[in-house]
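Okay, thanks for coming, everyone. Let me put the model up and walk you through a hairpin and some aromatic rings.

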Amino acid sequence: VRGGLSGAATAATDREGGAGGGVGCCGTGGDDGTFAGVTAEGPGETAGLGSRTWEEPDFLAQFVGKTSGEGVDALSGATITSEAIIKAVDKAVASQ
């Protein structure tokens with residue numbers, strides 16, 4: 001389904017430039033086409049700053065129940081990495 005996830009077995013992945021290099025994400029779809037969960041990683045991101053976007057569960061939890069990154073707030077102190085993850089999630093969904 002273009003612009004949405006088509007079910008629980010659907011996973012969308014993409015990469016985007018972060019503060020310390022590429023940030024990757026993977027979103028899994030729920031039965032209703034919204035995100036059931038999103039994971040992210042970026043080995044080049046600064047520990048304790050950009051890495052907080054996947055270490056602190058509140059940031060990625062913002063995607064659950066949504067069909068895009070719209071309305072997801074960047075994590076203070078990790079703005080560039082947060083925005084890279086939001087862009088990567090949106091690109092991944094658009095490619096579905």
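**The hairpin and the rings**

So, start at the hairpin of E2 and E3: there are five residues between the strands, and Gly 33 takes a positive phi near 85°. Before I go on, this is a predicted model, where local features need pLDDT of at least 70, side-chain atom pairs count only at pLDDT 80 or more, and totals for chains, interfaces and linings use all residues. Residues are numbered from 1 along each chain as its sequence is written, and side-chain values use heavy atoms, with hydrogens and water left out.

Strands here are DSSP E runs of at least two residues, helices are H or I runs of at least four, and both are numbered from the N terminus. E2 (residues 21-29) and E3 run antiparallel, joined by six bridges; two strands pair if DSSP finds at least two bridges between them. Take Cys 25: its bridge partner in E3 is Ala 40.

Now the rings. How many aromatic pairs turn up in a search of the whole structure? Two, where a pair means Phe, Tyr or Trp rings (six-membered ring for Trp) with centres within 6.5 Å, and planes under 30 degrees apart are stacked, over 60 edge-to-face, the rest tilted.

Phe 35 and Phe 63 sit edge-to-face, 6.1 Å centre to centre with 80° between the planes. Phe 35 is in strand E3 (residues 35-41) and Phe 63 is in the loop between helix H2 (57-61) and helix H3 (79-94), so this pair ties together parts 28 residues apart in sequence. Both Phe 35 and Phe 63 are buried, meaning under 20% relative accessible area with a 1.4 Å probe, protein chains only (exposed is over 50%, partly exposed in between).

Then there's Phe 59 with Phe 63: centres 6.0 Å apart and planes at 90°, so that pair is edge-to-face. Phe 59 is buried too, as is Phe 63. Put together, Phe 35, Phe 59 and Phe 63 make one aromatic cluster.
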